[in-house]
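Here is a short tour for anyone meeting this structure for the first time. Have a look around before reading on.

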Amino acid sequence: MEFTSVKKQQWSEIKEIYMEAFPKCERKPFFLLRQSIKRKKAVLAVAAEGNQLLGFTVFVVYKDMVMIDYLAVSSKIRSRGTGSRILEHICGQFPDKKIVLLIERVDDMAENCQQRTARRRFYLKNGFTSSGIFITGAGGDMEVLNYRGTVSQEEYMDLQRYALGKLFFRLSRIQLAEV
């Protein structure tokens, strides 16, 4: 598996994986995601073998933190260790930074409870731990996971403000939730 910057011809396949992998409430408009990457606020790393796009990750580097904004693996090849290798690559690139990401909060009453539980188990298996921070917003109820150090509530909210920008941070309605 090799990790590269996105090539022009890969954008349509990335969009297809993006639309399939994330619920609508968790997706930024695709043009805004591309704009953030073009402005170098976010980085897109593509995982491929030969000409086959396996998956990608979008991440934001800020101060002593890296936020994995999106990590997606093509549905054609899931459950083959690709997601773990992508995580390992990203975490290995930033040995001196705390890594954070959001997952849907596990909720026994949610329609996709099994998927939420499996996703959380995947990240825990790959060395992430709960930060004890829960947020709510336009994307729903989420839990912040971290790797290599714990972020505080203030650090996390500062990171989100930076990643989204002032306007989109307000529109996201992100706020701390009760534990």
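This is a predicted model: local features need pLDDT of at least 70, side-chain atom pairs count only at pLDDT 80 or more; totals for chains, interfaces and linings use all residues.

What does Tyr-156 belong to? It is one of the residues with the most contacts inside the largest nonpolar core, along with Leu-44, Phe-56 and Val-58. That core has 34 residues. Several helices and strands each supply at least two residues, including helix H1 (11-21), helix H2 (30-38), strand E3 (52-62) and strand E7 (140-147). Helix H5 (153-172) gives the most to this core, with six residues. Apart from this core lies another, of 20 residues, with Leu-54, Phe-59, Ile-68 and Ile-77 among them.

Is E2 mostly covered or mostly open? Mostly covered: five of its seven residues are buried. E2 pairs with E1 (residues 2-4) and with E3, as the table shows.

| Pair | Sense | Bridges | Residues standing opposite |
|---|---|---|---|
| E1 and E2 | antiparallel | three bridges | Phe-3 and Ala-47 |
| E2 and E3 | antiparallel | seven bridges | Ala-47 and Gly-55 |

Ala-47 turns up in both rows: this E2 residue stands opposite Phe-3 and also opposite Gly-55 in E3.

E2 and E3 form a hairpin with two residues between the strands. Which residue there takes a positive phi? Gly-50 does, with a value near 60°.

Methods. Residues are numbered from 1 along each chain as its sequence is written. Side-chain values use heavy atoms; hydrogens and water are left out. A nonpolar core is a set of buried Ala, Val, Leu, Ile, Met, Phe, Trp, Tyr and Cys residues joined through side-chain atoms within 4.5 Å. Buried means under 20% relative accessible area, exposed over 50%, partly exposed in between (1.4 Å probe, protein chains only). Helices (H or I, at least four residues) and strands (E, at least two) are DSSP runs, numbered from the N terminus. Two strands pair if DSSP finds at least two bridges between them.
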